[in-house]
Structures are given as structure tokens and as C-alpha cells.
Amino acid sequence: MTDQPTTAVAEHELPETPGAYDLVFDGFAGGRFDGRYDLLGFGTSHRAGHTHPTERPAPRGGRKCLACRWTEVRIMAPLDDGPDRYVVHTAGRSEVTGEKTLHRILETDSAAEVVVILGGSSGLSRPLPQTALDALAQAAECDEPLERAYDLLIAVQ
Ligand SMILES: [Zn+2]
């Protein structure tokens with residue numbers, strides 16, 4: 001750790017299209033981005049239209065509104081750390097005033113573990129959420145170990 005101040009990356013600046021990005025970003029739930037990363041795959045459950053009158057946000061626990069609260073998944077490769085290293089970033093985003101986005105940033109050197117991380121608390125006992133599957137499918141197009149893991153997953157689901 002250094003005492004140097006880090007440049008915060010605003011949430012709206014987190015990348016959504018494949019490519020290389022410099023990121024310095026702390027996850028609330030541990031983990032952080034610090035360096036240059038290749039975005040391999042991105043998935044989001046965000047939808048443009050609200051499912052309720054927009055004078056107020058959708059209540060928590062009520063009918064889901066994916067314009068108010070949604071999930072983003074990023075699969076990235078740290079470019080400073082050598083090959084076959086992955087970062088999985090999961091964000092519970094919210095546009096509702098007063099609510100914080102929850103970030104989870106986990107690193108692994110195993111493509112298979114990327115899939116397990118994407119499964120979240122239910123692991124692989126249930127099919128991957130569509131948002132995670134979208135990110136993995138995109139990442140599988142440009143990364144061979146992830147492609148093998150994706151093919152295996154599709155074969156068993
Ligand atoms: Zn809404």
C-alpha cells in the first residue's frame with residue numbers, strides 16, 4: 001500500500017465495450033481495480049423503461065424495475081499480471097437517490113473459477129443468471145480458457 005491518492009473512477013465511467021482501460025476503483029465489498037485491464041465480457045440487466053410511475057422509485061421488494069436497480073457483470077484480464085488471470089466485477093447498480101451501488105471485485109487465475117464466481121451464492125447448483133451468461137459468452141469469444149469453460153457449462157446446463 002502507498003499513501004498516494006488514487007484516482008477514483010466514477011461508476012458511470014466503468015467500461016461497457018471490450019478494450020483496454022486504466023482503472024483505479026475500490027469495491028465496497030472488498031477487492032479493487034488498480035492498473036490496466038482488458039474488458040473481455042460485459043453483461044447488464046439494465047432496461048430503459050420503468051415499470052411504474054416515475055414520480056418515485058420502485059419500492060424495494062416490490063415489482064422489479066430494471067431501470068431503477070440492475071446488475072452489471074464484467075470479466076476482465078489484468079494486463080499487468082501476466083496471462084490467464086481474471087477479475088470478475090459484479091455490481092448491484094441503483095439509480096435511486098440515496099442508494100449505493102454494491103461492487104464485488106474478485107480475482108482468480110482459473111477460468112473454471114470465473115464460472116463459479118459468476119454463479120454467486122448459489123454456485124453452479126442453478127443456471128447462471130442471464131447477465132452473467134451474457135458476459136461469459138462475450139468473453140469466451142476472445143479467451144480460450146474461458147471459451148472451454150463456457151462450452152463445458154453450456155453442455156451441462
Ligand atoms: Zn424504475
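Residues are numbered from 1 along each chain as its sequence is written. Because the model is predicted, local features need pLDDT of at least 70 and side-chain atom pairs count only at pLDDT 80 or more, while totals for chains, interfaces and linings use all residues.

Q: What is the bridge partner of Phe25 in β2?
A: Strands of a sheet pair through backbone hydrogen bonds, either parallel or antiparallel. β1 and β2 pair in the antiparallel sense over 8 bridges. In β2, the residue that partners Phe25 is Phe33.

Q: Is Leu106 buried, exposed or partly exposed?
A: Leu106 lies in strand β5, which covers residues 102-108. A residue is buried if 20 or more other C-beta atoms, placed from the backbone, lie within 10 Å of its own, exposed if 12 or fewer do, and partly exposed in between. Because Leu106 has 17 other C-beta atoms within 10 Å, Leu106 is partly exposed.

Q: How do α1 and α3 lie to each other, oblique or roughly parallel?
A: Axes are lines fitted to C-alpha atoms, for helices over the stretch in contact, and angles run from 0 to 180 degrees between N-to-C directions. Angles under 35 degrees count as roughly parallel, over 145 as roughly antiparallel, 65 to 115 as roughly perpendicular and the rest as oblique. The axes of α1 and α3 are 8 Å apart, and the helices pack at an angle of about 55°. The two helices are therefore oblique.

Q: Which residues of α3 does α1 meet?
A: Two residues are in contact if their C-beta atoms, placed from the backbone, lie within 7 Å. From α1, the residues taking part are Ala111, Ala112, Val114 and Val115. On the α3 side, they meet Pro145, Leu146, Arg148, Ala149 and Leu153.

Notes. Helices (H or I, at least four residues) and strands (E, at least two) are DSSP runs, numbered from the N terminus. Two strands pair if DSSP finds at least two bridges between them.
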